[in-house]
Amino acid sequence: MCYAYSDSWDPHLETAEVHVFTFELPGVKKGEVKVSMVDGRVLEVIAEREVEKTEENDTWHLVERVCGRFWLKIRPPEGARVEQMEAAMEDGVLAVTMTVAKVVVKEPEVKPIDISG
């Protein structure tokens, strides 16, 4: 099994509107991938690829495909709207998209204080 948890590794593209996380999962079908948000704070991606079935007399001389379980957890960046998360998979690439919350900059309230004496 491959397992990773990261605050620093950040496989994503950030624009003014969205954060797009991409994961390359060659040979993994859509039904073999699970994407979830844990407690609204951690993006979790789990994928599993089964070992190819072979006949008893068949022999592989070289196998370049990895099989097993892939499990990754990443904290979304500040301002990502996790409740508006979408996921799509095409040609072995999983893309998880989260919109960016609009940040309203509020002017600080300044209250003068009289100096006595």
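**Contacts and fold**

Modeller: Residues 24 or more positions apart account for 57% of the chain's contacts with a separation of 6 or more, where contact means heavy atoms within 4.5 Å. This is a predicted model, where local features need pLDDT of at least 70 and side-chain atom pairs count only at pLDDT 80 or more, while totals for chains, interfaces and linings use all residues. Residues are numbered from 1 along each chain as its sequence is written, and side-chain values use heavy atoms, with hydrogens and water left out.

Colleague: Thanks! How many helices and strands are there in the chain?

Modeller: The chain has 0 helices and 8 strands. Both are DSSP runs numbered from the N terminus: helices are H or I with at least four residues, strands are E with at least two.

Colleague: Which strands form the open sheet, and in what order?

Modeller: The order is β2-β3-β8-β7, with antiparallel pairing. Two strands pair if DSSP finds at least two bridges between them.

Colleague: And which are the edge strands?

Modeller: Those are β2 (12-14) and β7, each of which pairs on one side only.

Colleague: How many bridges join β3 to β8?

Modeller: Strand β3 (residues 18-24) is joined to β8 by 7 bridges, and the two run antiparallel. Along the way, phenylalanine 23 stands opposite leucine 94 in β8.

Colleague: What about β7 and β8, how do they pair?

Modeller: Strand β7 (residues 80-90) and strand β8 (residues 93-100) pair in the antiparallel sense over 7 bridges. Alanine 80 has valine 100 in β8 as its bridge partner. The two strands form a hairpin with 2 residues between them, and aspartate 91 in the turn has a positive phi of about 50 degrees.

Colleague: Changing topic: how many salt bridges does a search of the whole structure find?

Modeller: It finds 1 salt bridge, that is, a side-chain nitrogen of Lys or Arg within 4 Å of a carboxyl oxygen of Asp or Glu. The side chains of glutamate 44 and lysine 73 meet there, at 3.8 Å from N to O. Glutamate 44 lies in strand β5 (residues 42-49) and lysine 73 in strand β6 (residues 68-74), so the pair ties together parts 29 residues apart in sequence.

Colleague: Is glutamate 44 buried or exposed?

Modeller: Glutamate 44 is buried, with a relative accessible area of 10%. Buried means under 20% relative accessible area, exposed over 50%, and partly exposed in between (1.4 Å probe, protein chains only).

Colleague: What share of the chain's residues is buried?

Modeller: Buried residues make up 23% of the 117 residues in the chain.
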